[in-house]
Amino acid sequence: MKIPQERQGSLGQYYIELESDIIAAILRTIQQGWRLASIAPPVSSNAGEVPINECLRDGMRTALENLPWKGSMFILPGTESRSAKSLLVPDGLTDISILIIKIARTYSVHDPQAIIECKRISGSDTDLCRAYVLEGVDRFASGKYAASHDSGFMVGYLLSQDEQSAADGINKVLNRRLRSNEGLSPSNVIQEDCFWSSRHSRRDRLPSINLHHSFLSLQSWPP
C-alpha cells in the first residue's frame with residue numbers, strides 16, 4: 001500500500017492509496033465472513049441492516065483468524081466521521097471499518113483506512129437501488145466518508161435476484177441522474193460474480209474515489 005506524503009487528504013491526513021493486494025484481502029475477508037454470517041439466525045431477508053451488519057462484522061473477525069493476512073488488519077465497529085475540518089460534530093457514522101496495521105504504525109494514523117457501507121438491495125426494487133446510490137455511493141462521492149482514501153467499499157445484501165440484476169438496477173439510477181460514467185462494472189481485482197467496481201468524482205477538488213462492491217445473497221431463516 002502507498003501513502004504519498006506529498007498528497008494531503010481531508011483534515012490534514014495523508015491520502016491513503018490501497019494497493020490491489022490489500023483491496024483483494026478486504027474483499028476476501030468480506031466474502032469469507034459472509035459465509036459464516038449468512039447462516040446466523042438473525043440474518044434473513046426480513047432482517048434490518050443493523051443486525052445483519054453485526055453478524056457480518058463478527059463473521060469477518062472470525063474468518064480473519066484463518067486467513068493469510070490475519071496480522072495485517074483489524075475489523076472495527078462503525079466509526080464517526082467528519083466530512084469537513086470545520087465540523088465540530090461528526091456528520092457520518094460508518095457501518096464497518098478496517099484498520100490497516102502497517103499504515104497505522106508507520107504514519108501514526110489512528111482513523112480507519114477502509115470504510116465499508118452496507119445496504120439492502122434488489123435490482124427490481126427502485127427504492128432500494130436509489131437508496132444504495134443516495135445513501136451509500138454518494139456518502140463516498142460527497143466526501144462524507146473516506147475523504148482521505150482513494151478506495152471505499154460497499155456491501156449489498158441481495159434480497160432477491162442476482163448480482164447482475166443488482167448492478168443493473170443501481171446503474172439505472174445513476175443513468176437517470178446523468179451519471180452513466182459512474183456505472184458499476186465487474187471487478188478487475190477479483191473476477192467473481194459477487195464483486196463489482198465503480199469510480200466516482202468528488203466535490204471540493206478531492207481526487208476521484210474507487211468503490212469496490214460485494215453483493216451477498218441472503219438466505220431465508222428458518223429454512
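Helices (H or I, at least four residues) and strands (E, at least two) are taken here as DSSP runs, numbered from the N terminus. Read along the sequence, the protein chain then follows the pattern α-α-β-β-β-β-α-β-α-β-α-β-β-β, with five helices and nine strands in the chain. The model is predicted, so that local features need pLDDT of at least 70 and side-chain atom pairs count only at pLDDT 80 or more, while totals for chains, interfaces and linings use all residues. Residues are numbered from 1 along each chain as its sequence is written, and side-chain values use heavy atoms, with hydrogens and water left out.

**Chain as a whole**

Burial is judged by relative accessible area: under 20% is buried, over 50% is exposed, and values in between are partly exposed (1.4 Å probe, protein chains only). Of the 223 residues of the protein chain, 51% count as buried. A contact requires heavy atoms within 4.5 Å. Among the contacts that join residues at least 6 apart in sequence, 60% link residues at least 24 apart.

**Helix pairs**

Two packed helices are described by the angle between their axes and the distance between the axes. The axes are lines fitted to C-alpha atoms, for helices over the stretch in contact, and angles run from 0 to 180 degrees between N-to-C directions.

The axes of helix α1 (residues 20–37) and α2 come within 7 Å and cross at roughly 115°. That angle makes α1 roughly perpendicular to α2; the classes are roughly parallel for angles under 35 degrees, roughly antiparallel over 145, roughly perpendicular from 65 to 115, and oblique for the rest. On the α1 side the contact is made by Thr29, Ile30, Gln32, Gly33, Trp34, Leu36 and Ala37, and on the α2 side by Ile52, Cys55, Leu56, Gly59, Met60, Thr62, Ala63 and Leu64. These residues of the α1 and α2 contact divide into 10 nonpolar, five polar and no charged. In this division Ala, Val, Leu, Ile, Met, Phe, Trp, Tyr, Cys and Pro count as nonpolar, Asp, Glu, Lys and Arg as charged, and the others, Gly among them, as polar.

For helix α4 (residues 126–141) and helix α5 (residues 163–176), the axes come within 8 Å and cross at roughly 70°. Helix α4 is therefore roughly perpendicular to α5, and the crossing of α4 and α5 is right-handed. Thr126, Cys129, Arg130, Tyr132 and Val133 of α4 meet Gly169, Ile170, Val173, Leu174 and Arg176 of α5 in this contact. The contact of α4 with α5 comprises six nonpolar, two polar and two charged residues.

**Selected residues**

Helix α2 (residues 49–64) holds arginine 57, and leucine 56 also lies in helix α2. Not counting residues up to four places away in sequence, leucine 56 touches Ile30, Gly33, Trp34, Ala37, Ile96, Cys118, Val155, Tyr157 and Leu216. Leucine 56 and isoleucine 96 are 40 residues apart in sequence and 9.0 Å apart in space, C-alpha to C-alpha. With the same exclusion of residues up to four places away, arginine 57 touches Ile75, Leu76, Pro77, Gly78, Asp95 and Ile96.

Arginine 179 is found in the loop between α5 and β7 (185–186). Not counting residues up to four places away in sequence, arginine 179 touches Val133, Val137, Asp138, Leu174 and His200.

Relative accessible areas are listed below.

| Residue | Relative accessible area | Class |
|---|---|---|
| Leucine 56 | 0% | buried |
| Arginine 57 | 7% | buried |
| Cysteine 118 | 0% | buried |
| Alanine 146 | 10% | buried |
| Glutamine 161 | 47% | partly exposed |
| Arginine 179 | 15% | buried |
| Cysteine 194 | 11% | buried |

**Backbone and cysteines**

Alanine 146 has a positive phi of about 55° although it is not a glycine, and is found in the loop between α4 and β6 (151–158). Glutamine 161, likewise not a glycine, has a positive phi of about 65°; glutamine 161 is found in the loop between β6 and α5.

A disulfide is a covalent bond between the sulfur atoms of two cysteines. With the criterion of a pair of cysteine sulfur atoms within 2.5 Å, a search of the whole structure finds zero disulfides.

Notes:
A crossing is left-handed if the near helix is turned anticlockwise from the far one by less than a right angle, and right-handed if clockwise.
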